[in-house]
Structure formats: C-alpha cells, structure tokens
Amino acid sequence: MNEHFVMPIRVVSELNKAGHEHWAKTANRRKQHRFMGKVMTDALIAPKWSGQSITVTFTRLMGKGERKFDDDNLASSMKAIRDGVADGLETNDNDPRVTWKYEQVKDMMCGVRVTFTDTEEEDDG
C-alpha cells in the first residue's frame, strides 16, 4: 500500500501556543483535526489496510512565509491528526504495527499530507 491524502488545514505549534490561546479554541481545533484524520482514513485507507505493518508519515506543507517547527513542536502539532488516523485504522496510536514519522516541506499551499506505506516496501527501497 502506498496511499496518501492531503488535509487543507493549518497546524500550529501547540507548545508555543500554550498560554496564548483560550483553552476552548485549542480544544475545538484538536477535535476538528482528529475528526478529519478519522474520516479521511475511514474512507480512503482503512478498507485497503489488512493489518500489516505500515509507516504513516505526516508532512506539514508550509505555505509562503511560514517558518519551520522544531521537531518536538512538529510532532505535537499533529497529535490530534495522529489520534484520528489511529481511530480510522481502529487501533491505538501505540500499536507496534504502525510507525509514525513527521516531516515538513515548503509548498504552494498550507496543509498536512498523510502518507501510508507498507513497512516492507519502505525497507526494500
């Protein structure tokens, strides 16, 4: 399996936002991100996943003028999406069959690309 989808959302540095944003706004954003991750995974990926080991890569697409996140900020900014993807796969986010990776690249648009790759395919090359 080598599938992906793009979520047209802007992720924010959760660690840097702490204390600067009302808790309800943060909770609402996380709820939306989790829901979107679950719905997209339910529809596009779950029917094709047979329980084999996979790698899920979250790539933050940085639009014009956006700055790179530190590694710890990058992972925390996508935690709700990761939880939603795990919900869509009907597994926990600590399932040993799933490896989680995080990247960020400059792009024309803002969003998050979620890529699913068989671990065996990744090892082969």
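Visitor: How many cavities of 30 Å³ or more does the structure hold?
Guide: One. A cavity is a set of points, on a 1 Å grid over the protein atoms alone, where a 1.4 Å probe fits but cannot get out. Keep in mind that this is a predicted model: local features need pLDDT of at least 70, side-chain atom pairs count only at pLDDT 80 or more, and totals for chains, interfaces and linings use all residues. Residues are numbered from 1 along each chain as its sequence is written, and side-chain values use heavy atoms, with hydrogens and water left out.

Visitor: What volume does the largest cavity have?
Guide: About 30 Å³. Volume here is the space filled by probe spheres set on the points, which are joined across faces, edges and corners.

Visitor: And which residues line the largest cavity?
Guide: Ile 9, Arg 10, Val 11, Arg 60, Leu 61, Glu 66, Cys 110 and Gly 111. Lining residues have an atom within 4 Å of a point. By class, four are nonpolar, one is polar and three are charged.

Visitor: What average pLDDT does the chain have?
Guide: The chain averages 90, and 92% of the residues score at least 70. pLDDT is the predictor's confidence in each residue, from 0 to 100.

Visitor: Where is confidence lowest, and where highest?
Guide: Lowest in helix 5 (residues 119-124), at a mean of 63. Highest in helix 4, at 97. Helices (H or I, at least four residues) and strands (E, at least two) are DSSP runs, numbered from the N terminus.

Visitor: Let's stay with helix 4. Why is helix 4 largely enclosed?
Guide: Because eight of its ten residues are buried. Buried means under 20% relative accessible area, exposed over 50%, partly exposed in between (1.4 Å probe, protein chains only).

Visitor: What do the buried residues of helix 4 pack against?
Guide: Strand 1, helix 2, strand 2, strand 3 and strand 4. The buried residues include Ile 81, Gly 84 and Val 85.

Visitor: What does Ile 81 touch?
Guide: Leaving out residues up to four places away in sequence, Ile 81 touches Met 7, Ile 9, Val 11, His 33, Gly 37, Phe 58, Val 112 and Val 114. Contact means heavy atoms within 4.5 Å.

Visitor: Gly 37, then. Is Gly 37 buried or exposed?
Guide: Buried, with a relative accessible area of 0%. Gly 37 is in helix 2.

Visitor: How many residues does the largest nonpolar core have?
Guide: The core has 22. Among those with the most contacts inside it are Ile 81, Val 85 and Phe 116. Strand 1 (2-7), strand 2 (54-62), helix 4 (79-88), strand 3 (98-106) and strand 4 (111-118) each supply at least two residues. A nonpolar core is a set of buried Ala, Val, Leu, Ile, Met, Phe, Trp, Tyr and Cys residues joined through side-chain atoms within 4.5 Å.

Visitor: Is Glu 90 buried or exposed?
Guide: Exposed, at 73% relative accessibility. Glu 90 lies in the loop between helix 4 and strand 3.

Visitor: Last one: where is Thr 26?
Guide: In helix 2 (residues 23-44). Thr 26 counts as buried, at 12% relative accessibility. Beyond its neighbours within four places in sequence, Thr 26 is in contact with Glu 14 and Glu 21.

Note on methods: 1 Å grid on protein atoms, 1.4 Å probe; cavity = no way out; pocket = protein on both sides within 12 Å on 5 of 7 lines; lining within 4 Å. Nonpolar A, V, L, I, M, F, W, Y, C, P; charged D, E, K, R; others polar.
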